[in-house]
Number of protein chains: 2
Amino acid sequence: MADLSGVQALLFDVFGTVVDWHGSVTSELAALGKEHGIDGDWGAFARTWRKGYLENTRRVAQEGPGAAPGNVDVMHRGILEDILATQQWRAFGEKLTADARDALNLAWHRLHGWPDASPGLYALKKETIIATLSNGNVRLLVDMARYADLPWDVVFSAELFESFKPNPKVYLGAVKHLALEPPACAMVAAHIYDLRAAAALGLRTVYVRRAGEEPPDVGEVRSKADGGEVDVVVDSFTELAALLARRGRS
Amino acid sequence: MADLSGVQALLFDVFGTVVDWHGSVTSELAALGKEHGIDGDWGAFARTWRKGYLENTRRVAQEGPGAAPGNVDVMHRGILEDILATQQWRAFGEKLTADARDALNLAWHRLHGWPDASPGLYALKKETIIATLSNGNVRLLVDMARYADLPWDVVFSAELFESFKPNPKVYLGAVKHLALEPPACAMVAAHIYDLRAAAALGLRTVYVRRAGEEPPDVGEVRSKADGGEVDVVVDSFTELAALLARRGRS
């Protein structure tokens, strides 16, 4: 089997890996647009919103000048303002009061899990500790878990470690609070940048294939057994759970 | 009804409030004693162990000299050494190798919930966010939750805020990460000192009566409605859940 021997805790990236942010936010935008008689490429809106967030967190992770780790809600809200001020979306923006924008901003708290996420996590929880390790803030992760029925043992947010992934202190903070050594923890993510940062610190790595989550320049990610760089590649959490259960019995 | 209107999150003290540390540790000690043919007042041993821990954390909470917030496991282990070195327990200590002491120290990870704890928390989780707010370290709280089936939405440990209760930064750290104001959070504890510290910062308070948890000088704790100082007094989490469910329907 793939080498996850000795792993006692799984640390999950959440956006894209556990929840389908793109599908969820796109459909909330489309519904709101329909309500106001506005049409547009809602998928592109969602991607721009997400991209603004990624740029912000990346800047903070690199500890660039003036990069205070803010609350992700506040960050999302600021990016939303910027998008609604563009020529492309101004007509939509004019329909939305401040209250409506606040409500829309909470779309990020109502993300749907990928179909395998909740059942997969329940199965994985029988095998090991399951934790989030997300750049989302704690409250966001808590709301998401309650909404999508994600039975985390513990919610780690980059916010607790005052930075953002891929800054090492985020990964090492989680490992420390679990009272484990890095090789006893595996990072689970649909993004290779996240797994590379974890592997550089000695954590094990599980890559989950999720449609549309990687930028086009990332090619096929393969396991070490297949000549690649990660420990395990799976298509779902249920597949990962089956793999860990076999480990337990062997 | 008692005034918990607007409360969106419950923060639970864990030792004594959720889990019966005294019964659990006493029975592990008694079993180990029996194995080695040693008899003694195991309840007193457990209380001395717990007292050493409380004295240590209190010193750190007051930020006294040299009071680095250590890992609770390490703290428990040090106190165990001290107890086993006393005349009263030396004969027991002589039976225990370093490995046996390490194993015994983990008794604090195998604490049983009070009978109402797990069903009460499942019921409460339908009404509000449920979080730990404990001086125990994260890993200890995670193990305890897995062992006693405690479905926390989020595990807050004083360790994350680099102090111990009743230091204000522990309570305010949890409130901040939940993105709430203090009056939207209620502290739930079987110890009045904990609730007094929370109330002084504007949090609401729920006192849970648990046998043997208060020092003898603490008299009867009463609710404000009964002329006392806390918002609510209950005998179990299931009683608290029924109370919050009525709030939801009124």
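**Figure 1. Confidence of the predicted model.** In this predicted model, chain A has a mean pLDDT of 92, and 95% of its residues reach 70 or more, where pLDDT is the predictor's confidence in each residue, from 0 to 100. The model scores ipTM 0.89 and pTM 0.90. Residues are numbered from 1 along each chain as its sequence is written, while chains are lettered from A and ligands numbered from 1 in the order in which they are written. Local features need pLDDT of at least 70, side-chain atom pairs count only at pLDDT 80 or more, and totals for chains, interfaces and linings use all residues, with side-chain values taken from heavy atoms and with hydrogens and water left out.

**Figure 2. The sheet of chain A.** In chain A, 6 strands form an open sheet in the order E3-E2-E1-E4-E5-E6, and their pairing is parallel. Strand E3 (154-157) and strand E6 (232-234) of chain A stand at the edges with a single partner strand each, so one side of each has no neighbour in the sheet. Helices (H or I, at least four residues) and strands (E, at least two) are DSSP runs, numbered from the N terminus, and two strands pair if DSSP finds at least two bridges between them. Strand E1 (residues 9-12) and strand E4 (residues 185-189) of chain A run parallel and are joined by 4 bridges, and here Leu10(A) stands opposite Ala186(A) in E4(A). Helix H7 (residues 138-148) of chain B packs on this sheet, touching strand E2 (129-134) and E3 of chain A, and its direction makes about 135° with that of E2(A).

**Figure 3. Where chain B meets chain A.** In this view, 22 residues of chain B are in contact with 22 residues of chain A, contact meaning heavy atoms within 4.5 Å. The area buried between the two chains is about 1800 Å², of which carbon and sulfur atoms give 56%; buried area is the accessible area (1.4 Å probe) that two parts lose on being put together, summed over both. Arg139(B), Arg146(B) and His177(B) supply 35% of the area that chain B buries against chain A, more than any other three residues. Between chain B and chain A the count is 2 salt bridges, a salt bridge being a side-chain nitrogen of Lys or Arg within 4 Å of a carboxyl oxygen of Asp or Glu. Asp153(B) forms a salt bridge with Arg146(A), with the closest N and O atoms 2.7 Å apart.

**Figure 4. The sheet of chain B.** Chain B has an open sheet of 6 strands in the order E3-E2-E1-E4-E5-E6, with parallel pairing. E3 and strand E6 (232-234) of chain B stand at the edges, and each has a single partner strand, so one side of each is left without a neighbour in the sheet. Strand E1 (residues 9-12) of chain B is joined by 4 bridges to E2(B), the two running parallel, and Leu10(B) stands opposite Ile130(B) in E2(B). Helix H9 (residues 192-200) of chain B lies across strand E4 (185-189) and strand E5 (204-208) of chain B, running at about 165° to E4(B).

**Figure 5. A salt bridge within chain A.** Side chains of opposite charge can pair when their charged atoms come close. The side chains of Glu28(A) and Arg110(A) meet in a salt bridge (2.8 Å, N to O). This pair links distant parts of the chain, 82 residues apart, with Glu28(A) in helix H1 (residues 21-35) and Arg110(A) in the loop between helix H5 (98-105) and helix H6 (117-125) of chain A.

**Figure 6. Backbone details in the loops.** Most residues other than glycine have a negative phi, and most peptide bonds are trans. Asp149(A), although it is not a glycine, has a positive phi of about 55°, and Asp149(A) is found in the loop between helix H7 (138-148) and E3 of chain A. The peptide bond from Lys165(A) to Pro166(A) is cis, with omega near 10°, and Pro166(A) is found in the loop between E3 and H8 of chain A. In chain B, the peptide bond from Lys165(B) to Pro166(B) is cis, with omega near 10°.

Notes: Axes fitted to C-alpha atoms, helices over the stretch in contact; angles between N-to-C directions.
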